[in-house]
Amino acid sequence: KNYLMEKFLFDFSKTELLITSGGQQAIFLILQTILSNGDTIAVETPSFFYRLSLFRASGIRLYGVPMDKEGIDLNKLEVSIRKNKLKAVLVNPNFQNPTGKVMSQKRRKDLVTLCRKYQLPIIEDDVFSYLSFHTFERQKLSSIHSIDPENVLYIGSLSRVLGQTTKIGW
């Protein structure tokens with residue numbers, strides 16, 4: 001808890017933190033908790049999420065939303081929200097897989113505003129932020145969760161850093 005509070009400036013109680021066996025288990029538990037079989041969520045396109053069988057196992061349908069240089073295209077996301085009756089938005093804002101893009105701070109704030117408008121939770125998959133070979137300045141780019149802690153479910157993991165045999169997520 002202290003690590004997350006210091007590193008990411010999160011403010012939360014111990015009851016709001018769940019340790020999992022990796023980021024995929026965290027996603028699976030979130031899907032099981034906030035969504036039902038047949039529900040739809042938006043993901044960035046391209047995205048590695050399409051390859052995860054946990055969506056099929058949960059009965060969750062994915063709708064891809066194109067990205068531009070700043071991240072998920074919010075105009076196209078809003079069209080998809082209305083057309084596909086989305087129940088959540090899943091983004092990979094730091095070093096997005098497979099593009100490596102980093103969502104701009106403005107786009108993060110605008111995504112929060114859009115999702116508040118439609119009362120959609122955001123699932124922030126931030127398992128790749130530790131993989132930067134360059135200085136990654138978190139002061140300039142806050143997590144989406146820190147912008148809207150009430151509506152954003154944050155997923156972190158050390159599995160990518162410590163190796164696939166170490167499964168630690170939150």
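Student: Which residues are exposed on the other side of H4?

Tutor: The residues in question are Asn75, Val79, Arg82 and Lys83, which are exposed on the other side of H4. The model is a predicted one. Its chain comprises seven helices and six strands, arranged along the sequence as α-α-β-α-β-β-α-β-α-β-α-β-α. Of the 170 residues, 48% are buried. Among the contacts with a separation of 6 or more, 65% are between residues 24 or more positions apart.

The six strands form an open sheet with mixed pairing, in the order E3-E2-E1-E4-E5-E6. Strand E3 (71-72) and strand E6 (152-155) are its edges, each pairing on one side only. Within the sheet, strand E1 (residues 40-45) runs parallel to strand E4 (residues 88-91), the two being joined over three bridges. In one of these pairings, isoleucine 41 has alanine 88 of E4 as its bridge partner.

Helix H4, residues 74-84, lies across E1, E2, E3 and E4, and its direction makes an angle of about 160° with strand E2 (61-68). The buried residues of H4 are Leu74, Leu77, Glu78, Ser80, Ile81 and Asn84. Because these residues cover an arc of only 160° around the axis, they are on the same side of H4. The buried residues of H4 pack against E1, E2, E3, E4 and H5. The exposed residues named at the outset, Asn75, Val79, Arg82 and Lys83, are on the other side of H4.

After the helix comes lysine 85, which has a positive phi, near 50°.

Helix H5 (residues 105-117), one of the packing partners of H4, itself lies across E2, E3, E4 and strand E5 (122-125), at about 150° to E5. In the loop between E4 and H5 is phenylalanine 95, whose phi is positive, near 55°, although the residue is not glycine. With a relative accessible area of 22%, phenylalanine 95 is partly exposed. That loop between E4 and H5 also holds proline 98, which is joined to asparagine 97 by a cis peptide bond with omega near 20°. The loop between H5 and E5 contains glutamine 119, where phi is again positive, near 55°. Glutamine 119 is exposed, its relative accessible area being 69%.

Finally, strand E5 includes aspartate 125. Aspartate 125 counts as buried because its relative accessible area is 2%, and the cut-off for a buried residue is under 20%. Leaving aside residues up to four places away in sequence, aspartate 125 touches Ile27, Phe48, Phe49, Leu90, Val91, Asn92, Pro93 and Ile155.

Key. Residues are numbered from 1 along each chain as its sequence is written. This is a predicted model: local features need pLDDT of at least 70, side-chain atom pairs count only at pLDDT 80 or more; totals for chains, interfaces and linings use all residues. Side-chain values use heavy atoms; hydrogens and water are left out. Helices (H or I, at least four residues) and strands (E, at least two) are DSSP runs, numbered from the N terminus. Buried means under 20% relative accessible area, exposed over 50%, partly exposed in between (1.4 Å probe, protein chains only). Contact means heavy atoms within 4.5 Å. Two strands pair if DSSP finds at least two bridges between them. Axes are lines fitted to C-alpha atoms, for helices over the stretch in contact, and angles run from 0 to 180 degrees between N-to-C directions. The arc is that of the directions from the helix axis to the C-beta atoms.
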